[in-house]
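Trainee: Before we go into details, could you show me how to read the ring contacts and the helix packing in a model of this kind?

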Amino acid sequence: MKKNIVLFSLFILPIVAYLFFASGVHNFTHLPTVTESIPDLNNWKNNKGEQFSLEDKITVLVFPGTQILYNKGDAFNLNQKIYEKVMGFKDFQLICIAPIGTEEQTVDLKEELGRISDMSKWNYVFASPEEIKNYYSQLNLIGQLDENLRTPNVFIIDKERNLRGRKGNNKKGEPEYKEGYNSISAADLHNEMGDDIKIILAQYRLALKKNSADRKK
């Protein structure tokens, strides 16, 4: 019993305390599931022929559309406010589902971002317009893709392929619903998505610490 208390104090309390004070108004809490078990990434590949999966990864999912360079401000915001802060976590990845034909744009953008960041966990996979529309429809979201197959919203996917966000009442008792985070708004990414992705990361770290403590009993 005493050993368990010591382990809890050393490993779990500091993480909980950090999340509580770091996350501002939206304090440490469970982040609701908006859509359960979204589809995996089929057989879509990047421009090197590599495939990726959402399984067992914490994923930021992006639909950049056909005008990737025109909307590169979204990518710079996401890079600075979210990606740079969490890309060091082992199980994190960022996946952009882009239309076939945008490959050169993605290479140019990654080269630009690569001057300020390690882009090894920022990946593009390519699909046809119909495949992208069909996949997005299975996310069961209110927001829709525009005529260029883009949404400025980016999404948090957990290791079980659940799309996570805010749903129900907030701490003030007011109705709240947030299925994605607006990459046009640096404030939305920094204040709200930053808080929420910390919650996801903390949940998995707490589970890992608990499993480790259980094995040592």
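Mentor: Let us begin with a definition: a charge sits over a ring if NZ of Lys or CZ of Arg is within 6 Å of the ring centre and within 35 degrees of the ring normal. In this structure, which is a predicted model, the charged end of Lys-159 sits over the ring of Tyr-204, at 4.9 Å from the ring centre.

Trainee: What is the overall pattern of helices and strands along the protein chain?

Mentor: The protein chain has five helices and nine strands, and in sequence order they follow α-β-β-α-β-α-β-α-β-β-β-β-β-α. Of its 217 residues, 45% are buried, and among the contacts with a separation of 6 or more, 79% join residues 24 or more positions apart. The chain exposes about 11,400 Å², of which carbon and sulfur atoms supply 53%.

Trainee: How many aromatic pairs does a search of the whole structure find, and how is the geometry of a pair to be read?

Mentor: Rings pair if their centres lie within 6.5 Å, and planes over 60 degrees apart count as edge-to-face. The search finds seven aromatic pairs. For Phe-63 and Phe-155 the ring centres are 6.3 Å apart and the planes stand at 75 degrees, so this pair is edge-to-face. Because Phe-63 lies in the loop between strand E2 (58-62) and helix H2 (72-86), while Phe-155 belongs to strand E5 (residues 153-157), the pair ties together parts that are 92 residues apart in sequence. Both Phe-63 and Phe-155 are buried.

Trainee: Which class does the pair of Tyr-83 and Phe-92 fall into?

Mentor: The ring centres of Tyr-83 and Phe-92 are 6.2 Å apart and their planes meet at 55 degrees, so that pair is tilted. Tyr-83 counts as buried at 0% relative accessibility, and Phe-92 is buried with a relative accessible area of 2%. Elsewhere, ring pairs link Trp-44, Phe-63, Tyr-135, Tyr-136 and Phe-155 into a cluster.

Trainee: Which residues of helix H4 are buried, and why do they line one face of the helix?

Mentor: The general idea is that an α-helix has 3.6 residues a turn, so residues three or four places apart point the same way. In helix H4 (residues 129-137), the buried residues are Ile-132, Tyr-135 and Tyr-136. Viewed down the axis of H4, these buried residues fall within an arc of 95 degrees, so they line one face of the helix. The buried residues of H4 pack against E2, strand E3 (92-99), strand E4 (122-127) and E5.

How values were computed. Residues are numbered from 1 along each chain as its sequence is written. This is a predicted model: local features need pLDDT of at least 70, side-chain atom pairs count only at pLDDT 80 or more; totals for chains, interfaces and linings use all residues. Side-chain values use heavy atoms; hydrogens and water are left out. Helices (H or I, at least four residues) and strands (E, at least two) are DSSP runs, numbered from the N terminus. Buried means under 20% relative accessible area, exposed over 50%, partly exposed in between (1.4 Å probe, protein chains only). Contact means heavy atoms within 4.5 Å. Accessible areas come from the Shrake-Rupley method with a 1.4 Å probe; for residues, only the protein chains shown count as cover. Rings of Phe, Tyr and Trp (its six-membered ring) pair if their centres lie within 6.5 Å; planes under 30 degrees apart count as stacked, over 60 as edge-to-face and the rest as tilted. The arc is that of the directions from the helix axis to the C-beta atoms.
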